[in-house]
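Dear colleague,

I am handing over the structure we spoke about, and below it you will find what came out of going through it. Please read the notes with the coordinates open beside them.

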Amino acid sequence: MLTKDLVAASSKPLLLSILAGGESYGYEIIQKVRELSGGQIEWSDGMLYPVLHRLERDGLIDSEWKEADTGRERKYYFLSSDGRKAIKTERHQWLAVHNTLCKLWKIKPASI
Amino acid sequence: MENQTRFDLNAAIDNWRNELAAQPNLAPDDRRELETHLRDAIARFQQQGLNDEESFCLARHRVGQPQQIGEEFVKANTAAVGANVPSGGIFMNFNLYKDFLAAPLELRVFAIFSLVVTILGLALPILGPKHLLEYIIPFTGWNPALGYMSGLIMSFSIIYIYAKFPPLLLPSDKQSMAHRALHHLYTKSVTWLLRLGLIAPLAVQIVFGLLYDDKLPDNNFGNPYLTVSPWRPVWTVLIPALWIAILLMAPQNRRTPKRA
């Protein structure tokens with residue numbers, strides 16, 4: 001399990017990158033993070049929305065209420081053009097940290 | 001179904017909704033979103049074979065205590081509001097120096113260039129050596145600093161208006177969808193206005209530079225102010241055009257001038 005600080009710091013790149021794969025809503029996003037991280041990253045459900053709303057306020061994502069197949073309405077989030085740019089910056093920074101650690105620990109670094 | 005007679009799922013959700021509604025920090029839109037989340041989680045647990053009561057309890061636990069959720073939303077909102085809290089002084093709630101430092105390099109260089117040109121353009125003809133204008137005007141035209149001065153004034157006005165009338169962020173705990181949409185539009189339009197405010201005066205300067213070059217006479221009728229150097233387009237056309245190109249290519253990593 002990640003520490004609280006790391007969860008907070010990584011939520012932005014994770015959310016943006018998930019939405020880069022297409023629009024999604026809160027519940028689905030949490031499921032996806034849980035699944036992709038093999039349970040290592042566990043977001044508490046109620047805390048996700050403040051983060052999403054903040055990204056929206058910063059103009060990195062947009063949202064829209066839409067009817068799902070089940071007939072229920074859900075609030076869908078999708079990436080804005082600014083968000084798409086922000087991913088590049090995030091990617092650069094996280095890979096820089098990652099690659100430095102890999103070198104220190106003598107693991108093969110991820111390709112960029 | 002045995003379980004449903006003992007446990008009324010809809011009543012439980014209603015109760016939960018009321019508890020959530022008691023939180024002053026949650027906007028109706030936030031509550032609606034949280035409820036769709038709770039229902040999604042319940043449906044998922046039901047699919048996994050849990051009964052209504054178990055599904056509800058687990059989902060409720062997952063979403064978190066209403067009070068705790070309310071506090072988290074406050075944290076997120078105060079962080080946003082904090083950016084808009086007035087810092088006092090005549091600049092109201094924007095810090096020119098801080099925003100200047102956070103701007104892209106191209107924009108900063110352009111701001112300094114504009115400022116220098118404007119000050120020189122205004123001060124030198126008055127304070128500088130005699131007949132200075134006679135020497136400058138053949139190369140720069142009548143208004144050497146016009147485009148830059150207008151750009152400075154226009155962008156400053158836009159920033160000032162934006163700071164004076166910030167978007168509908170302040171009552172953030174009571175934001176509705178319409179508020180957010182309006183806020184988004186407002187922020188976007190300010191950004192575009194600013195770009196226009198910087199680039200339009202330069203474009204006007206270029207247009208004038210091109211127009212006047214065609215019309216000016218070959219000789220100066222003995223008037224030094226009518227002399228046109230063949231190098232004049234460097235100042236009136238080439239340099240403004242270069243600035244426009246540079247400003248258009250500058251990274252737009254800041255949505256508005258006031259957010260650091």
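**The interface between the chains**

In this predicted model, 28 residues of chain A are in contact with 32 residues of chain B. The area buried between the two chains comes to about 2700 Å², and carbon and sulfur atoms give 50% of that area.

On the side of chain B that touches chain A, at least two residues each are supplied by helix 3 (28-47), helix 4 (52-63), helix 5 (66-82) and helix 10 (177-215) of chain B. Helix 3 of chain B gives the most to that side, with eleven residues. Sorted by class, the side of chain B that touches chain A holds 14 charged, ten nonpolar and eight polar residues.

From helix 8 of chain B the contact draws on B:Ile137, B:Pro138, B:Phe139 and B:Thr140, while helix 11 of chain B brings B:Arg232, B:Trp235 and B:Thr236. The residues of this contact divide into four nonpolar, two polar and one charged.

In chain A, helix 1 (residues 4-20) and helix 2 (residues 26-36) pack at an angle of about 105°, with axes 11 Å apart, and the two helices of chain A are therefore roughly perpendicular to each other. Here A:Leu15, A:Ile18 and A:Leu19 of helix 1 meet A:Ile29, A:Lys32 and A:Val33 of helix 2, a set of residues that divides into five nonpolar, no polar and one charged.

**Salt bridges over all chains**

By the rule used, the count comes to eleven salt bridges over all chains. Among them is the pair A:Glu23 and A:Lys66, whose closest N and O atoms are 2.8 Å apart. Since A:Glu23 lies in the loop between helix 1 and strand 1 (24-25) of chain A, and A:Lys66 in strand 2 (residues 61-67) of chain A, the pair ties together parts that are 43 residues apart in sequence.

With best regards

Conventions: Residues numbered from 1 in each chain as written. Chains lettered and ligands numbered in written order. Predicted model: local features only at pLDDT ≥ 70, side-chain atom pairs only at ≥ 80, totals over all residues. Heavy atoms only, no water. Contact = heavy atoms within 4.5 Å. Buried area = accessible area lost by both parts, 1.4 Å probe. Helix = DSSP H or I, 4+ residues; strand = E, 2+ residues; numbered from the N terminus. Nonpolar A, V, L, I, M, F, W, Y, C, P; charged D, E, K, R; others polar. Axes fitted to C-alpha atoms, helices over the stretch in contact; angles between N-to-C directions. Parallel < 35°, antiparallel > 145°, perpendicular 65-115°, else oblique. Salt bridge = Lys/Arg side-chain N within 4 Å of Asp/Glu carboxyl O.
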